[in-house]
Amino acid sequence: MAKKPSTRLYYLDWLRVLAILTVFFYHTTRFFNSEAWHVKNPTTYLVMDVLETTLANWIMALIFAISGASLFFALDKGGVARFVKDKVLRLVVPLVTMGIVTFGVFQMYLDRLSHGEFSGTLFQFIPHYFQPGNVEWTGVHLWYLEMLFIFCLIFLPVFLWLKRGSGRRVMARLGDALTSPGAIYLLALPTILCLVLTRSDSFLGNTSWGGGSILSHATFFLSGFLIVSNEGLQRNIQRFRWLSLVVVAILMVTLFGLLLAIGEPAAGTLLSSLGRALWGLWSWSWVLAILGFGMEHLDVNKPFLSYANEAVLPFYILHHPVLLSVGYLVVQWALPVSVKFAIIDAISFAIIMVLYELLVRRVNVLRVLFGMKLRARGATVQPAEITPALTEP
């Protein structure tokens, strides 16, 4: 059964908020795991590698699925021109102004400073940043906004077709086919194929984009659109939430067991393809489990939700440069890793919320630069009413 466009799925809003908080937590692990990053603790820890890998497997996959689901409702709010204008204002403007220019300069300055590749002040670094080949065109951590904008443009004709006429009937039949017991796991097939048919060292197959590749993220984006179009499919996801969680546990033990036993296989080998297939299935098991439990327990509206949902995009934009700033200082202290982790998170969260509440949320110029809607002239600062048009995280 097709989902009515006017229906509000509050669990998506809660999951969006919780997902961005998880991204915040995920990026804190990057100070302490063994992979290269902008700022590193002098000592790395295996437990942080396990935690970072586990979070990377599902967090951006979930966010892209939520974005695709939100797009299903956004297309009912106006024509194509209005849709594209909204995406430019909410995605491209913050990507360019806050990501590529403002915070991009600062974050790469900390990166070069931390790795001993530059010595000097931030103002001395600025000319180096804007030299050819040095500018971070992905906006550092805001690559998601860039990728989401590209997906919106590329798949817009497909989504418009699926919302009407023959396309709507095709989507309904596909959604109905996935309501059979266990059929929801077929959603993982396109993701697995995208991972298996591309090499990990290729541009389209590289999973360094938050644990997924460009193509695999696209499959979650498209699937999110399909999931919210069909009530039976959603009920099936909810019904099998515990099974999905069991599959998550089994695949986690399997993947980490294989990694310990044989190490990371070379790109293009049979073992690499097997590992990438299991990685894709693991991602989908996480997403299906989280969506299922969200449908069961989070489909409720609370006054706090509107405030949190409006704060999501500014929080996402601010969290990375603030974490790097605080972490750059804290990792140099002689403290246990757990204490460092807690201090970085606590101080960073406080700074982000102060900046958001006292500056970003109250100043219209900053609201525009952070992808928010203008506050009406003379209006008091109240939590904004959320609308189904949000496609950002």
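**Close-up views of a predicted model**

**Figure 1. The second largest cavity.** Helix 2 is the main contributor to the lining of the second largest cavity, supplying five residues. The structure shown here and in the other views is a predicted model. The volume of this second largest cavity is about 70 Å³. Its lining consists of 17 residues, and those nearest the centre are Gly211, Gly212, Ser216, Trp279 and Ser283. At least two lining residues each come from helix 2, helix 7 (188-196), helix 8 and helix 11. Sorted by class, the lining of the second largest cavity has seven nonpolar, 10 polar and no charged residues. In total, the model has five cavities of 30 Å³ or more.

**Figure 2. Ser216 and its contacts.** Ser216 belongs to helix 8 (residues 214-227) and is one of the residues nearest the centre of the second largest cavity. Is Ser216 buried or exposed? Its relative accessible area is 4%, so Ser216 is buried, the cut-off for buried being under 20%. Leaving out neighbours within four places in sequence, Ser216 is in contact with Thr191, Cys194 and Leu195. Leu193 is 23 residues away from Ser216 along the chain, yet the C-alpha atoms of the two are separated by 8.8 Å.

**Figure 3. The largest pocket.** The volume of the largest pocket is about 1500 Å³. It is lined by 48 residues, and Glu35, Glu52, Thr207, Gly211 and Trp279 are the closest to its centre. Two or more lining residues come from each of helix 1 (10-29), helix 2, helix 10 (241-262), helix 11 (270-297) and helix 12 (303-330). Helix 2 provides the largest share of this lining, with eight residues. The lining of the largest pocket is made up of 25 nonpolar, 16 polar and seven charged residues.

**Figure 4. The largest nonpolar core around Phe221.** Which members of the largest nonpolar core touch the most other members? They are Phe64, Tyr144, Phe221 and Leu291, in a core of 119 residues. Helix 2 (residues 46-74) gives the most to this core, 17 residues in number. Apart from its neighbours within four places in sequence, Phe221 is in contact with Phe64, Ala65, Ser67, Gly68, Leu71, Leu148, Phe151, Cys152, Phe155 and Phe159.

**Figure 5. Helix 11 and Ser244 of helix 10.** Helix 11 is 28 residues long and spans 41 Å from its first C-alpha to its last, close to the 40 Å expected at 1.5 Å a residue. Of these 28 residues, 20 are buried, so helix 11 is largely enclosed by the rest of the structure. Ser244 sits in helix 10. Its relative accessibility is 0%, and Ser244 therefore counts as buried. Not counting residues up to four places away in sequence, Ser244 touches Tyr185, Ser285, Leu288 and Ala289.

**Figure 6. Val140 in a loop.** Where does Val140 lie? Val140 is found in the loop between helix 4 (122-129) and helix 5 (143-162). Its phi is positive, about 60 degrees, although Val140 is not a glycine. Most residues other than glycine have a negative phi. With a relative accessibility of 10%, Val140 counts as buried.

Technical notes
Residues numbered from 1 in each chain as written. Predicted model: local features only at pLDDT ≥ 70, side-chain atom pairs only at ≥ 80, totals over all residues. Heavy atoms only, no water. Core = buried A, V, L, I, M, F, W, Y, C linked by side-chain atoms within 4.5 Å. Buried < 20%, exposed > 50% of the residue type's maximum accessible area, 1.4 Å probe, protein only. Helix = DSSP H or I, 4+ residues; strand = E, 2+ residues; numbered from the N terminus. Contact = heavy atoms within 4.5 Å. 1 Å grid on protein atoms, 1.4 Å probe; cavity = no way out; pocket = protein on both sides within 12 Å on 5 of 7 lines; lining within 4 Å. Points joined across faces, edges and corners; volume = space filled by probe spheres on them. Nonpolar A, V, L, I, M, F, W, Y, C, P; charged D, E, K, R; others polar. Expected span 1.5 Å × (residues − 1).
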